[in-house]
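Here is a friendly set of notes to read with the structure open beside you. Take the points one at a time, and find each residue before moving on.

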Amino acid sequence: MTKPPKPKPLLQDVDKSVRSRPRKPRNPAQPNLPLDPMPDRIDPCLALLKPKPPKGPQWAFEVKWDGYRLAVDIEPTGIRILTRGGHDWTHRFPAIQQAALWLPVGSAILDGEAVVLDEKGRSDFGLLQQSLGGRGGKKRSSDAIFMAFDLLYFDGHDLRNSELDMRRHLLADLVPTGEQGDIRLSEEIKADGDQLLASACEHGLEGIIAKRRDAPYRSGRLGDWLKIKCIQSDSFVIVGYERSTVARAGIGRLLLAARKGDDLVYVGGVGTGFNERSAAELREQMDKLIIGKATVDTGRKRNAVFVDPKIVAEIEYRAWTHDGKLRHASYKGLRDVQDNAIPYQPRGRPGDRG
């Protein structure tokens with residue numbers, strides 16, 4: 001649990017009295033700065049997936065965190081922690097809530113990611129899910145910390161039209177670099193994008209994020225933020241599974257689909273990446289959703305069980321085949337339904353959860 005920061009001495013020479021500068025009378029011709037109403041909720045800025053880091057001094061780089069996207073709203077009446085889909089999860093992150101109460105600000109909206117770090121300091125989505133009781137779980141996570149990477153509202157002022165560099169400057173004053181509490185700063189890493197990506201992949205990280213320094217904060221996936229991954233990873237809908245007498249929980253392979261407009265398109269299956277716990281959780285979830293007929297054309301499948309497409313899985317893969325199927329796919333974990341499945345774009349780079 002984060003400890004409140006120790007007060008810093010105002011002067012090095014404590015024997016001298018503390019005096020402020022004389023206050024100048026206000027010029028009545030100078031208008032008061034209007035205060036902006038605090039937004040009830042802001043849709044997040046999402047990163048566009050790219051194969052290579054961008055070039056140029058206009059881009060700032062940081063680590064890509066693998067967790068749950070959250071907004072921490074600080075108000076005089078209390079703290080709210082909202083998911084990307086707008087769900088109030090304040091009660092599920094008590095340590096982050098307490099750390100937010102200690103921040104030296106009256107009102108603010110912080111954008112960031114709730115993560116659980118492994119023993120090497122890397123964010124691990126599986127550990128985060130376990131700390132919350134799995135998909136659909138109701139547990140509170142005392143292990144999760146909040147990596148803050150943007151400041152959207154600050155003491156009565158909406159910062160979304162300000163440049164990223166200004167927002168980051170104010171955020172660094174609020175959450176100082178190097179703090180090791182339950183709210184931490186996702187620091188900018190001053191390095192060449194290609195070198196940083198290579199280093200991130202070497203250390204087993206998911207990838208990096210690039211952000212335009214001069215860009216305002218715009219909701220949606222508009223290209224102001226880019227993400228470059230070491231291994232491709234995206235969210236897909238589970239439309240069924242193939243039975244197995246030898247595999248964990250009887251799951252031989254999950255059958256997956258991506259979205260194409262209002263429809264779903266079959267993108268192949270995945271039969272690796274499960275452990276006893278995740279396979280049992282999957283089987284329990286899927287057996288509640290069994291339907292008689294497949295919602296997509298999966299081709300002929302022996303021993304297939306089809307399910308209502310309401311479960312979203314995170315899948316790692318190396319590439320797409322010529323006929324639009326995932327290559328070398330591996331199951332990573334379950335996502336919330338609000339994360340949705342990716343658009344079907346096997347020839348290019350698919351969109352993802354953000």
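1. Let's start with a cysteine link. The bond between Cys-201 and Cys-230 is left-handed, with -100° about the S-S bond. Keep in mind as you look that this is a predicted model. The two sulfur atoms of Cys-201 and Cys-230 are 2.1 Å apart, and the structure holds one disulfide. If the word is new to you, a disulfide is a covalent bond between the sulfur atoms of two cysteines.

2. Another cysteine to find is Cys-45, which is buried with a relative accessible area of 2%.

3. Next, the aromatic rings. The whole structure contains seven aromatic pairs. One of them brings together Tyr-68 and Trp-89: the ring centres are 5.5 Å apart and the planes stand at 90°, so this pair is edge-to-face. Tyr-68 comes from strand S3 (residues 68–75) and Trp-89 from the loop between strand S4 (78–83) and helix H1 (94–101), so that distant parts of the chain, 21 residues apart, are linked. Are these two residues buried or exposed? Tyr-68 counts as buried at 9% relative accessibility, and Trp-89 counts as buried at 12%.

4. A further pair is worth a look. For Tyr-217 and Trp-225, the centres of the rings lie 5.8 Å apart with the planes at 85°, so this pair is edge-to-face. Both Tyr-217 and Trp-225 are buried. Going back to Tyr-68 and Trp-89, ring pairs link them with Phe-93 and Phe-125 into a cluster.

5. Some rings also have a charged neighbour. Arg-92 lies over the face of Trp-89, at 4.6 Å from the ring centre. At Trp-59, the charged end of Arg-212 sits over the ring, 5.4 Å from its centre.

6. Now turn to helix H3 (residues 164–174). Its buried residues include Leu-164, Arg-167, Arg-168, Leu-171 and Leu-174. Why do the buried residues of H3 line one face of the helix? Looking down the axis of H3, they fall within an arc of 115°, so they line one face. As background, an α-helix has 3.6 residues a turn, so residues three or four places apart point the same way. On the other side of H3, His-169 and Asp-173 are exposed. What covers the buried residues of H3? The cover includes strand S2 (59–63), strand S5 (108–115), strand S6 (145–154), strand S8 (183–185) and strand S9 (207–212).

7. How many salt bridges are there? The count comes to 25. In one of them, the side chains of Lys-332 and Asp-66 meet at 2.8 Å, N to O. This pair links distant parts of the chain, since Lys-332 is in strand S18 (residues 330–335) and Asp-66 is in the loop between S2 and S3, 266 residues apart. Lys-332 counts as partly exposed, at 25% relative accessibility, whereas Asp-66 is buried, with a relative accessible area of 4%.

8. Asp-165 counts as partly exposed, at 35% relative accessibility.

9. The side chains of Arg-283 and Asp-287 meet at 2.9 Å, N to O. Both residues lie in helix H5 (residues 276–287), four residues apart, about one turn of the helix. Arg-283 counts as partly exposed at 25% relative accessibility, and Asp-287 counts as partly exposed at 35%. Elsewhere, salt bridges that share partners join Lys-64, Asp-66, Glu-206, Lys-229 and Lys-332 into one network.

Conventions:
Residues are numbered from 1 along each chain as its sequence is written. This is a predicted model: local features need pLDDT of at least 70, side-chain atom pairs count only at pLDDT 80 or more; totals for chains, interfaces and linings use all residues. Side-chain values use heavy atoms; hydrogens and water are left out. A disulfide is a pair of cysteine sulfur atoms within 2.5 Å. Buried means under 20% relative accessible area, exposed over 50%, partly exposed in between (1.4 Å probe, protein chains only). Rings of Phe, Tyr and Trp (its six-membered ring) pair if their centres lie within 6.5 Å; planes under 30 degrees apart count as stacked, over 60 as edge-to-face and the rest as tilted. Helices (H or I, at least four residues) and strands (E, at least two) are DSSP runs, numbered from the N terminus. A charge sits over a ring if NZ of Lys or CZ of Arg is within 6 Å of the ring centre and within 35 degrees of the ring normal. The arc is that of the directions from the helix axis to the C-beta atoms. Contact means heavy atoms within 4.5 Å. A salt bridge is a side-chain nitrogen of Lys or Arg within 4 Å of a carboxyl oxygen of Asp or Glu.
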